[in-house]
Amino acid sequence: MERIFLGLGSNVGNRLLNLMEALRGLAACGGIFVIHPSQCHIIETKAVNAVGDTREFPNYLNTSVEIRTTLAPKALLDTLLGVERSMGRIRSTRWEPRVIDIDLLLYGQQQIRTRHLAVPHPELHRRQFVLCPLAAIAPEVVVPGRGATVAQLAHMLMHPSVRSPYPRKVSSP
């Protein structure tokens, strides 16, 4: 089975309990096997608002987890959305506070772009709150289409002067 990584976040209610409940909910789903949930690295970050939105939202707790699954990518996404719904998540407005948010970050080395699913997550390389917890559990994983490991991408976000490690063409002698 492929290495699959999820990002989890919560900024409503007991955020830590919400993350743990989401991990239990994922583990209870048929065909999903959570790998080393006790090794999750949890960080707290300010909520990201839509451009121009000046409202203050509660801070997030964010983490990443590795799973294995027998589910195809779209079926996995549907299952993740089901876990969110079972915890009371209602998707009404983008950027809203949420009891739980579960994002499919990486599905092995697959690159998927459909109307309902984008893997790797399209904002993965721009979000420190995703890359830092992911780098804690999978620093060596290469992000498809980016030509860089998770650790390299996280380092570039923290140190913007670092040049991209995208592969370059090497001319033959």
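Q: What is the lining of the largest pocket like by class?
A: In this predicted model, the lining of the largest pocket has 16 nonpolar, 10 polar and 10 charged residues.

Q: What volume does that pocket have?
A: The largest pocket has a volume of about 820 Å³.

Q: And which residues are closest to its centre?
A: They are Arg98, Asp101, Asp103, His121 and Arg127, out of the 36 residues that line the largest pocket.

Q: Changing topic: where is Arg89 found?
A: Arg89 lies in the loop between helix H2 (73-86) and strand S5 (101-107).

Q: Buried or exposed, and why?
A: Arg89 counts as buried because its relative accessibility is 8%, and buried means under 20%.

Q: What does its side chain reach?
A: The side chain of Arg89 reaches the backbone oxygen of Ile100 at 3.2 Å.

Q: Which residues does Arg89 touch?
A: Leaving aside residues up to four places away in sequence, Arg89 touches Glu84, Glu96, Arg98, Val99, Ile100 and Asp101.

Q: Now strand S2. Which of its side chains are buried?
A: Along S2 (residues 32-35) the side chains alternate.

Q: In what sense do S2 and S4 pair?
A: S2 and strand S4 (residues 60-69) pair in the antiparallel sense, over four bridges.

Q: Which residue in S4 stands opposite Ile32?
A: Thr69 in S4 stands opposite Ile32.

Key: Residues numbered from 1 in each chain as written. Predicted model: local features only at pLDDT ≥ 70, side-chain atom pairs only at ≥ 80, totals over all residues. Heavy atoms only, no water. Buried < 20%, exposed > 50% of the residue type's maximum accessible area, 1.4 Å probe, protein only. Helix = DSSP H or I, 4+ residues; strand = E, 2+ residues; numbered from the N terminus. Pairing = 2+ DSSP bridges. Polar contact = N/O pair within 3.5 Å; in protein donor to acceptor, adjacent residues only side chain to side chain. Contact = heavy atoms within 4.5 Å. 1 Å grid on protein atoms, 1.4 Å probe; cavity = no way out; pocket = protein on both sides within 12 Å on 5 of 7 lines; lining within 4 Å. Points joined across faces, edges and corners; volume = space filled by probe spheres on them. Nonpolar A, V, L, I, M, F, W, Y, C, P; charged D, E, K, R; others polar.
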